[in-house]
Amino acid sequence: MNRVAALGNGLALPMTPDTLGQLPQASGPEKVRQSMAVILDTEPGERLMLPTFGCGLRRFLMQPNTTSTRALMQREIEIALRTWEPRISVDRVEVLPGDEPALVMIRIAYTHLRDGRPDNLVYPFYLE
């Protein structure tokens with residue numbers, strides 16, 4: 001099994017048909033990255049059959065962009081990714097203030113468990 005197949009494949013997100021009317025596919029590291037974004041975008045309770053799935057970032061909407069808020073977000077992200085994405089090992093999560101008052105930049109450093117390859121994901125999130 002090659003490295004890309006070991007990391008999985010499936011429909012790419014967003015599920016928008018291409019010019020031929022077909023749904024795009026994603027595989028390997030891109031599929032893992034998309035799965036991580038789904039975890040970050042999902043609120044616990046949204047999935048009927050997996051009520052605890054997700055990160056719950058929306059609970060931080062309208063919160064001040066303070067060290068305390070960012071530390072709580074960091075903790076929730078680490079827990080959610082360690083719980084719901086078994087293909088990676090989370091090395092480091094940083095939640096840093098962005099260029100705008102309501103913007104935080106979520107930087108996730110992780111390692112693919114199948115091949116030990118390091119990777120990262122930067123996920124901007126607005127608190128407003």
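How much accessible surface does the protein have, and what share of that surface belongs to carbon and sulfur atoms? The accessible surface comes to about 7,500 Å², and 55% of it belongs to carbon and sulfur atoms. Accessible areas come from the Shrake-Rupley method with a 1.4 Å probe; for residues, only the protein chains shown count as cover. This is a predicted model: local features need pLDDT of at least 70, side-chain atom pairs count only at pLDDT 80 or more, and totals for chains, interfaces and linings use all residues. Residues are numbered from 1 along each chain as its sequence is written, and side-chain values use heavy atoms, with hydrogens and water left out.

**Overall build**

- The protein has three helices and five strands. Helices (H or I, at least four residues) and strands (E, at least two) are DSSP runs, numbered from the N terminus.
- Along the sequence, the pattern reads α-β-β-α-α-β-β-β.
- The C-alpha trace spans about 45 × 35 × 35 Å along its principal axes.

**Burial and contacts**

- The protein has 128 residues, and 38% of them count as buried. Buried means under 20% relative accessible area, exposed means over 50%, and partly exposed lies in between (1.4 Å probe, protein chains only).
- Take the contacts with a separation of 6 or more: residues 24 or more positions apart account for 40% of them. A contact means heavy atoms within 4.5 Å.

**Charges**

- There are 14 positive and 15 negative charges, and their mean positions are 5 Å apart. Lys and Arg count as positive, Asp and Glu as negative; His and the chain ends are not counted. Each charge is placed at NZ of Lys, CZ of Arg, CG of Asp or CD of Glu.
- The structure holds nine salt bridges. A salt bridge is a side-chain nitrogen of Lys or Arg within 4 Å of a carboxyl oxygen of Asp or Glu.

**A linked network**

- Salt bridges join Glu30, Arg33, Arg117 and Asp119 in a network.
- Glu30 pairs with Arg33, with the closest N and O atoms 2.9 Å apart. Both sit in helix 2 (residues 29-41), three residues apart, so about one helical turn separates them.
- Glu30 is partly exposed at 35% relative accessibility. Arg33 is also partly exposed, at 23%.
- Arg33 also bridges to Asp119, with the closest N and O atoms 2.8 Å apart. Asp119 lies in strand 5 (residues 118-126) and Arg33 in helix 2, so this pair ties together parts 86 residues apart in sequence.
- Asp119 counts as buried, at 14% relative accessibility.
- Asp119 meets Arg117 in a salt bridge too (3.2 Å, N to O). Arg117 is partly exposed, with a relative accessible area of 27%.
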